[in-house]
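Morning, everyone. Please bring up the model, and we'll walk through some aromatic contacts.

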Amino acid sequence: QVQLVESGGGLVQAGGSLRLSCETSGHTGHLTKMAWFRQAPGKEREFVALIRWSGGPTSYADSVKGRFTISRDDAKNTVFLQMNSLKPEDTAVYYCAADRSVTSIRWDYWGQGTQVTVSS
């Protein structure tokens, strides 16, 4: 099993920044990729950013490109989401997800989420 614990959410004014962290524990050696998703009130959960443990290009939703950066610290088994130039529409619960599949995407593990609120 793999455990994911998010932190770093909070309240910030529009234009501000936050850095989310997702600490992983357990059997993390077989994970192939990790991602951030978010869910705003009344909306479906949506993809935000993805990073692969083996390296290679990261991926972002169009709505966050140029403002958000996903990164990882292998020594700490932690994935980060640096969020700059935040907008009120970025308000959501942000979830970390991990995948162990090599040939597909299925997101086997999820964290509990961390609330991000951006005031105008």
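Start with R45. It lies over the face of Y95, 3.9 Å from the ring centre. R45 also lies over the face of W110, at 4.5 Å from the ring centre. A charge counts as over a ring if NZ of Lys or CZ of Arg is within 6 Å of the ring centre and within 35 degrees of the ring normal.

Some housekeeping. This is a predicted model: local features need pLDDT of at least 70, side-chain atom pairs count only at pLDDT 80 or more, and totals for chains, interfaces and linings use all residues. Residues are numbered from 1 along each chain as its sequence is written, and side-chain values use heavy atoms, with hydrogens and water left out.

Now the ring pairs. How many aromatic pairs does a search of the whole structure find? Three. Rings of Phe, Tyr and Trp (its six-membered ring) pair if their centres lie within 6.5 Å; planes under 30 degrees apart are stacked, over 60 edge-to-face, the rest tilted.

F37 and F47 are edge-to-face, 5.9 Å centre to centre, with 75° between the planes. F37 sits in strand β4 and F47 in strand β5, ten residues apart. Strands here are DSSP runs (E, at least two residues), numbered from the N terminus.

F37 and W110 are tilted: 4.9 Å centre to centre, 55° between the planes. W110 lies in strand β10 and F37 in β4, so this pair ties together parts 73 residues apart in sequence.

Buried or exposed? F37 is buried, at 10% relative accessible area. W110 is partly exposed at 35%. The cut-offs: buried is under 20%, exposed over 50%, partly exposed in between (1.4 Å probe, protein chains only).

Finally, F37, F47, W107 and W110 form one aromatic cluster.

Key
Helices (H or I, at least four residues) and strands (E, at least two) are DSSP runs, numbered from the N terminus.
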